[in-house]
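Student: I would like to learn how to read a model like this one. Can we go through it feature by feature?

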Amino acid sequence: MARSEVSDVDVFWRAPGLRRERLYGYYFIAPAVLLLVAIIVFPLGHAFSTSLYRIRGLRSSFVGFDNYAKVLADDAFWHSLGVSLTFTSICVVLHLVIGLGLALLLNRVRAFKTVLRIAFLTPWMVAPAISAIIWVWLLEPQFGVINYLLREAGLITTYQAWLGIPNLALGSVIAVDVWRGVPFIMLLMLAGLQGIPKEQYEAASLDGAGSLQQFRHVTLPNLRYLIIVASTLDLIYTIRHFDIIAVMTGGGPVDSTEVLPVLLYNTAFHGNRFGEAATIGVLLLILVLAFSAIYIRLLKPGSATEGA
Amino acid sequence: MRTTLTLLAGALMGATGLTAAAQEPVTLQWQTANLTEEQFQPIMEQLLAEFQEANPNIRIEPIPVARKDHWTKFVTAAQAREAPCIVSVQVPTAAYNGYLMPLDEFYRGEPEAWQNAWSDEVLAAAQFEDELYGLPSWGGIYGEVYNSDLVEKAGLDANDPPKNWNEYLEWAKALTTEEQWATVVIGGPTDTTTRILLTWIWSNGGEAFNEDMTEATFASDPKSLEAIKFYLALATEEGVAAPGATTINYLEQTNLFAQQKIATMRNAYWGVAKVVIDNPALEGNVFVTAPPAQVENAPTVATLTADSISSNCEHPEEAWEFVKFSNEPKWALLRAQVANWMPLRNDLAELPEVQADPMLKEFLEIGRTARTYPLPHPAWAEISQDDVVKAVQEALLEPERTDEIFQKLDKDVTAKLNDY
């Protein structure tokens, strides 16, 4: 057989041991890579290519980066980015503070431990769209239970349109997201708390440290790495948030809750501007990738932030 | 011998295949915003059963989808060239986008008497760039619907309903109590907000757009701006409208009316069917009048729903068969009687069944001066669902800025109207 006729298979089987093993590895991961290409790389590539076209229904024309210039010059995009950052930062901080508080509480509780854990996890287990619909009815201005309870308690005198006034609407969707997002952080923190050696608390106690000092000098340093990772993950998740806001307010009133994913949806399906919607998607992806880069850096072995 | 057997087998297989192909029914999907609505269920079931019986080779598969997801689902499917064959969507926007098939050839292929059942004006509302993209099926004429009991309780005379804005405001004040409001101002995120706003603008002789739809005139037409201010003031100044206007859509409006929390609603005939289903005690206890107006023969909104065929439909002839069947007088009449959807055929108005229904008759009377909706522009879906809604919401929240808000709306919408 001439040298040029040697097949790839022959090359593979004649390869030295280590090289052959490496090639084996490529073959083994090939199905996963193909799957990822099909479900992630191809759609991303398609979205990027869509962002280079002016699309009206089934008609399209290549416009290069015009959509990027248009979107970046549009006040609606910057307003939406502002809403996204406000929504995300408040939600992430509240998830963390309340989640850590509940984890500390659950870590100390002796009775009904399992029941309480399941109870606290329930909001996280309900599908976001379903919980959003439930909250829409709870917050309904004329018939809603929230208004009824507040009125009965004498806390309000007139019906509040919780989802009808910009600040209240933003506050309401943040509250619902916090209600839904806290359990996940709580679960992570609880796992972290249970991994802290008891000896550290005993030693601190012997040194005369009170509860607050133990929290500050033992608990927090041990959870530091987990807190950073959980917050970064939460940030990446929350900034992409769509379902709760889409169901509860659709971005309104007057765009007060129009986070970037909702702006993207409204641009595509209400505005019929798929090219611009894809552009918003690509810009959102860049934002998420920036946070993901931080996350990957934090996960690197030997990262300075590693604590627990 | 072997050759003969092969030929025989081939012939048999071919014949079987032909028979199977001949018997294999064509399946067509059908999607409208209303298939999940309770008042339409009995008609839909009967319609499908009878069509199936008459056309055993065509099977219709309804696609149930919630009203608010209807357009999104359709567009997503249309972009993938997988849209249901038979659809009812906003004609100008869908036709402009290439999602629909022109129907002129089918329509003109029908007998003239059949074609004449639709007036030119009604057909025009289902046309885009002079081509017909839908067969007008049913509509909704917007009137002012009152709860008779609440009107009587307030000491008002149902036989002398408000004819102009001042009378309407007097009634509204009388109908507002500790327990209830007179009405709602609709400012929620659907195009119902725009429909109702247009009825008010037109009731004052105002115009929201110029004739060729190249310019928005919400603020630049003084009559239009005056109407907008009067209407929104019902919620912001007069206190006669239920709170939370920026979240109120058709659903909230009809819920409030059914629960007798409001005494009057600007709605179409189907709204009456909905409130009676929600609260059977209202049966026979509602009446309708023309919306109060400041000018003679003021038009109201008459929404038009047309049955269209998607551009990707592989069996348009069969789809047209269904479109024709579902628009026969029998079904148009049933839709009117059971679901309260107004017939658009002009050969039904004089039928005894229509004449025997006083409310249907009244709606048809109100509709004599109505203008068709949606307005004929491909950007209409966005303008009606987003731009106008946002302006109404802003003006409800900051009434002192109403002029400025609607001036900006004129500017933004005019730009959109000319970007196509």
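This is a predicted model: local features need pLDDT of at least 70, side-chain atom pairs count only at pLDDT 80 or more; totals for chains, interfaces and linings use all residues.

Student: What is the mean pLDDT of chain B?

Tutor: pLDDT is the predictor's confidence in each residue, from 0 to 100. Chain B has a mean of 90, with 95% of its residues at 70 or more. The model's scores are ipTM 0.81 and pTM 0.84.

Student: Where in chain B is confidence lowest, and where highest?

Tutor: Helices (H or I, at least four residues) and strands (E, at least two) are DSSP runs, numbered from the N terminus. In chain B, helix H1 (residues 2-23) is lowest, at a mean of 46. Helix H11 (residues 222-236) of chain B is highest, at 98. Over residues 1-21 of chain B, pLDDT stays under 50. That stretch has 0 contacts beyond four places in sequence. Contact here requires C-beta atoms, placed from the backbone, within 7 Å.

Student: How many residues of chain B are in contact with chain A?

Tutor: 25 residues of chain B are in contact with 22 of chain A. On the chain B side, helix H3 (70-79), helix H4 (91-96) and helix H18 (380-397) each supply at least two residues. H18(B) gives the largest share, 8 residues. By class, this side has 11 nonpolar, 9 polar and 5 charged residues. Ala, Val, Leu, Ile, Met, Phe, Trp, Tyr, Cys and Pro count as nonpolar, Asp, Glu, Lys and Arg as charged, and the others, Gly among them, as polar.

Student: At roughly what angle do the axes of H10(B) and H11(B) cross?

Tutor: Axes are lines fitted to C-alpha atoms, for helices over the stretch in contact, and angles run from 0 to 180 degrees between N-to-C directions. Helix H10 (residues 192-203) of chain B and H11(B) have axes that come within 8 Å and cross at roughly 125 degrees. The two are therefore oblique to each other. Under 35 degrees is roughly parallel, over 145 roughly antiparallel, 65 to 115 roughly perpendicular, and the rest oblique. From H10(B), B:Leu197, B:Trp200, B:Ile201 and B:Ser203 take part; from H11(B), B:Ser224, B:Ala227, B:Ile228 and B:Tyr231. These divide into 6 nonpolar, 2 polar and no charged.

Student: Which residues of H9(A) and H10(A) meet?

Tutor: The axes of helix H9 (residues 198-206) and helix H10 (residues 211-239) of chain A come within 10 Å and cross at roughly 140 degrees. That makes H9(A) oblique to H10(A). A:Gln200, A:Tyr201 and A:Ala204 of H9(A) meet A:Gln214, A:His217 and A:Val218 of H10(A). The contact has 3 nonpolar, 3 polar and no charged residues.

Methods
Residues are numbered from 1 along each chain as its sequence is written. Chains are lettered from A and ligands numbered from 1 in the order in which they are written. Two residues are in contact if their C-beta atoms, placed from the backbone, lie within 7 Å.
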